[in-house]
Amino acid sequence: MTLSTTYKSLEHQVVFISGGATGIGATLVEAFARQGAKVGFVDIARAAGEALVRRLPELGATGAWFEAVDVTDTPAYQAAIAACAEALGPIKVLVNNAAKDDRHELSELTPERFERILKVNFSHQVFAIQAVAPMMARLGGGSVINMGSVSWIRAKVRFVGYGASKAAITGMTRMLANELGGQGIRVNCVMPGAILTDRQMGHFTPEENERFLALQALKFRLTADDVAPMVLFLASDDARGCTGQNFIVDGGLV
């Protein structure tokens, strides 16, 4: 990905990203590295994460850190955030990216499965913010970017768990923006549309790809490279007046 904008305010800043080893997360890790940031990330995909973290210095990162962690294990996840801060410095930018958009019928849901879906897609965002807010406050401010989705706006079927999680992120973003704003902490949400990643390519048939193009105002399939510029902007000081907002990147799908 070649970006036309360099944000000087991101250089040497510590950025922490969940789910950063593959998909949109990996693109975000690389994008922040190219901004000269210190980039830490977690993922359950150990091999992919270890391969990516080795590449970050050559991309321009001024620091790099990775740990294989399940974000649904809250004590282990918050311990990993603390370890990243110990290694790279206080976290100034948090990108809550980890998610899994499993399809399911309503009739298939059990309480245990629904709780797991909420943990994978929503709960870890809250507890990551809880962990980084004190260090951001000591820095005089910071930026939290929660990754949402337009799936709940589109009311997609077989997505009740995922959609409920992503809808909750929208509400949580607005409430925590208000709660943390007095400490200089901005909280925003980026809501991607139908983004082509390796995982999504396994879901979309050629017919579905054509249907997305028909529904979108812009007639090209979006990739993670279309999402990263919005995240970088919100992380930077250029977005100092933006908080509590939801920014849709979907080519006009909704």
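Modeller: Ile17 stands opposite Val95 in E4. The model is a predicted one.

Colleague: In what sense do strand E1 and E4 pair, and over how many bridges?

Modeller: Strand E1 covers residues 14-18, and Ile17 stands opposite Val95 in E4. The pairing of E1 with E4 is in the parallel sense, over 3 bridges.

Colleague: Which residue in E5 stands opposite Asn96?

Modeller: E4 also pairs with strand E5, residues 142-147. That pairing is in the parallel sense too, over 4 bridges. The residue in E5 opposite Asn96 is Asn146.

Colleague: Which residues of strand E4 point the other way from Val93 and Val95?

Modeller: In a regular strand, side chains alternate between the two faces of the sheet. Strand E4 runs over residues 93-96, and its four residues are buried. Val93 and Val95 point one way, and the other way point Leu94 and Asn96.

Colleague: How many disulfides does the count come to?

Modeller: A disulfide needs two cysteine sulfur atoms within 2.5 Å. Cys189 is in no disulfide, and its nearest cysteine sulfur, that of Cys242, is 14 Å away. For Cys242 the closest cysteine sulfur is in Cys189, at 14 Å, so it is too far for a bond. The count of disulfides comes to 0.

Colleague: Is Cys189 buried or exposed?

Modeller: Buried means under 20% relative accessible area. Cys189 has 0% relative accessibility, so it counts as buried.

Colleague: Which residues does Ser165 contact, leaving aside neighbours within four places in sequence?

Modeller: Ser165 is found in helix H6, residues 160-180. Its relative accessible area is 0%, so Ser165 is buried. Ser165 and Ile117 are 48 residues apart along the chain, with their C-alpha atoms separated by 7.7 Å. The contacts of Ser165 are Ile117, Leu118, Asn121 and Phe122.

Colleague: Which residues does Ala21 touch, not counting those up to four places away in sequence?

Modeller: Ala21 has its place in the loop between E1 and helix H1. At 8% relative accessibility, Ala21 counts as buried. The residues touched by Ala21 are Ala26, Phe41, Asp43, Ala45, Ala48, Gly49 and Leu52.

Colleague: How far apart in space are Ala21 and Ala76, C-alpha to C-alpha?

Modeller: Along the sequence, Ala21 and Ala76 are 55 residues apart. In space, C-alpha to C-alpha, the distance between Ala21 and Ala76 is 18 Å.

Colleague: Which helix gives the most to the lining of the second largest pocket?

Modeller: Rolling a probe the size of a water molecule over the atoms shows where empty space is left. The second largest pocket holds about 230 Å³ of space. Its lining has 12 residues, and those nearest the centre are Lys156, Phe204, Glu208, Arg211 and Phe212. The helix that gives the most to this lining, with 4 residues, is H8 (residues 206-215).

Colleague: How many residues of that lining are charged?

Modeller: The lining of the second largest pocket includes 5 nonpolar residues and 1 polar residue. The number of charged residues in it is 6.

Colleague: What is phi of His12 near?

Modeller: Most residues other than glycine have a negative phi. His12 is found in the segment before E1, and at 46% relative accessibility it counts as partly exposed. Phi of His12 is positive, in a residue other than glycine, and is near 70°.

Definitions and conventions
Residues numbered from 1 in each chain as written. Predicted model: local features only at pLDDT ≥ 70, side-chain atom pairs only at ≥ 80, totals over all residues. Heavy atoms only, no water. Buried < 20%, exposed > 50% of the residue type's maximum accessible area, 1.4 Å probe, protein only. Helix = DSSP H or I, 4+ residues; strand = E, 2+ residues; numbered from the N terminus. Contact = heavy atoms within 4.5 Å. 1 Å grid on protein atoms, 1.4 Å probe; cavity = no way out; pocket = protein on both sides within 12 Å on 5 of 7 lines; lining within 4 Å. Points joined across faces, edges and corners; volume = space filled by probe spheres on them. Nonpolar A, V, L, I, M, F, W, Y, C, P; charged D, E, K, R; others polar. Pairing = 2+ DSSP bridges.
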